[in-house]
Amino acid sequence: MSTYKASACAKIILCGEHAVVYGRPAIAVPIPDLRAYASFTPTTASGLRVHLDDMGERWTWNPHHGHPIAVVIRHTLNVLRAFPPSGDIHVRSQIPIGGGLGSSAAVATAVVRVIARALGRALSPEAIAAIVYEGETIWHGTPSGIDNTVIAHERPIWFIRERPPQVLQPLRAFTLVIGDTGIRASTRDVVAEVRRRWAQKRTHYETLFDRIGRTVYLAREALQQGDLLALGRALTENQRLLHALGVSSPELERLTRAAMQAGALGAKLAGAGRGGNMIALVWPDVARHVANALRDAGAVRTFVTTIPGKEDEG
Ligand code: PMV
């Protein structure tokens with residue numbers, strides 16, 4: 001019997017993190033070449049067995065199973081009005097867990113896609129995003145919905161809380177170098193700390209969020225016009241404001257500085273901050289050089305990715 005395969009990309013927040021929690025816009029982009037994979041092999045033996053190979057976990061699905069992936073499978077079957085297919089799902093992922101790269105949403109998206117494929121059915125990106133959101137609430141409490149949306153569309157996304165997300169079409173491709181500080185900070189804790197400070201000095205923090213919001217509008221305009229210099233300036237200004245917000249760290253400051261010194265057009269932390277990843281916008285021919293500079297400055301891992309533009313699609 002043939003095996004069905006599907007995958008889903010990682011994501012990173014380009015700009016607008018934290019302020020997005022307070023109603024300002026954010027932009028997230030896919031990382032097309034960092035992916036989670038799912039395969040489904042039908043068997044004559046009944047039952048749907050799920051193998052989370054990276055975790056060494058294996059269980060048989062049932063409608064009451066509480067694992068986020070089991071919940072996602074239940075929602076997929078409900079939406080498709082289908083019975084579970086009999087067979088084995090294997091899941092693998094290249095995406096580091098807990099670094100703000102959307103690992104849980106990518107794994108879930110790959111599983112939804114492979115089940116739909118095995119059943120010979122198609123699901124729209126909107127339907128996939130809604131199903132995956134159900135798993136995300138179990139992993140992350142009350143997620144904003146940005147991860148499942150950008151991953152389901154595999155396109156840059158303009159996101160404002162409680163509004164339908166919009167797919168953005170950058171005019172030109174752009175290249176990011178992602179640098180990992182190797183420090184894992186809890187998104188929940190950093191978001192809660194910003195909330196405490198905001199509650200004490202509302203006017204000050206609302207002003208900062210407004211300024212961050214403005215950099216996100218500038219970034220959108222730059223993407224739509226293919227102006228990478230302007231995009232770089234918007235990202236660097238966003239980093240300055242994130243530092244003022246108190247969510248940067250000495251390591252993130254060191255990496256963003258190293259990227260700029262090595263020729264990046266702009267650099268900032270990406271995600272909740274205090275650790276995790278940073279991004280540098282670069283011309284493709286200096287990507288390797290910037291990645292080396294980041295590793296010399298202490299990055300435990302670097303990754304270069306290019307987000308396609310309208311021009312590449314002809
Ligand atoms: O670390 P990430 O990529 O999951 O991003 C967190 C983004 C915040 O704005 C800090 C929180 C949120 O829910 O939007």
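How do the residues of the shell around the ligand divide into nonpolar, polar and charged? They divide into five nonpolar, five polar and two charged. Here Ala, Val, Leu, Ile, Met, Phe, Trp, Tyr, Cys and Pro count as nonpolar, Asp, Glu, Lys and Arg as charged, and the others, Gly among them, as polar. This is a predicted model, in which local features need pLDDT of at least 70 and side-chain atom pairs count only at pLDDT 80 or more, while totals for chains, interfaces and linings use all residues. Residues are numbered from 1 along each chain as its sequence is written, and side-chain values use heavy atoms, with hydrogens and water left out.

**The chain as a whole**

- The secondary structure comes to ten helices and eleven strands. Both are DSSP runs numbered from the N terminus: helices are H or I with at least four residues, strands are E with at least two.
- The chain has a radius of gyration of 20 Å, which agrees with the value near 20 Å for a compact globule of 314 residues. That radius is taken over C-alpha atoms, and the globule rule is 2.2 Å times the number of residues to the power 0.38.
- Along its principal axes, the C-alpha trace spans about 60 × 45 × 35 Å.
- Buried residues make up 54% of the 314 residues. Buried means under 20% relative accessible area, exposed over 50%, and partly exposed in between (1.4 Å probe, protein chains only).
- The accessible surface of the chain is about 13700 Å², and 51% of this belongs to carbon and sulfur atoms. Accessible areas come from the Shrake-Rupley method with a 1.4 Å probe; for residues, only the protein chains shown count as cover.
- Of the contacts in the chain with a separation of 6 or more, 73% are between residues 24 or more positions apart. Contact means heavy atoms within 4.5 Å.

**The ligand and its shell**

- The residues around the ligand are Lys11, Ile13, Glu17, His18, Val20, Val21, Gly100, Ser144, Thr187, Val191, Gly271 and Ala272.
- An oxygen atom of the ligand is 3.0 Å from an N or O atom in the side chain of Lys11.
- Backbone atoms take part as well. A ligand oxygen is 2.8 Å from a polar backbone atom of His18, and a ligand oxygen is 3.2 Å from a polar backbone atom of Gly100.
- On its own the ligand has 380 Å² of accessible area, and the protein covers 84% of it.
- Two or more residues of the shell come from each of β1 (4–15) and α5 (187–200).

**Positive phi angles**

- His18 is not a glycine, yet has a positive phi of about 70°. His18 sits in the loop between β1 and β2 (26–42). His18 is buried, with a relative accessible area of 5%.
- Arg81 also has a positive phi, near 50°. Arg81 lies in the loop between α1 (68–80) and β5 (87–93). Arg81 counts as exposed, at 79% relative accessibility.

- Thr175 is in strand β8 (residues 174–180). At 5% relative accessibility, Thr175 is buried.
- The side chains of Thr175 and Thr306 make a polar contact at 3.0 Å. A polar contact is a pair of N or O atoms within 3.5 Å; within protein, one must be able to donate a hydrogen and the other to accept it, and residues adjacent in sequence count only if both atoms are side-chain atoms.
- Beyond its neighbours within four places in sequence, Thr175 is in contact with residues including Ala287, Val304 and Thr306.
- Ala287 lies in helix α9 (residues 287–296) and is buried, with a relative accessible area of 5%.
- Leaving aside neighbours within four places in sequence, Ala287 is in contact with Thr175, Val177, Val282 and Val304.

- Asn148 is found in helix α4 (residues 146–153) and counts as buried at 4% relative accessibility.
- A polar atom of the Asn148 side chain lies 2.9 Å from the backbone oxygen of Ala129.
- Gly276 lies in the loop between β9 (266–270) and β10 (277–282). Gly276 counts as buried at 9% relative accessibility.
- Gly276 and Leu101 are 175 residues apart in sequence, but 9.1 Å apart in space, C-alpha to C-alpha.

Key. A residue is near a molecule or strand if one of its heavy atoms lies within 4 Å of it.
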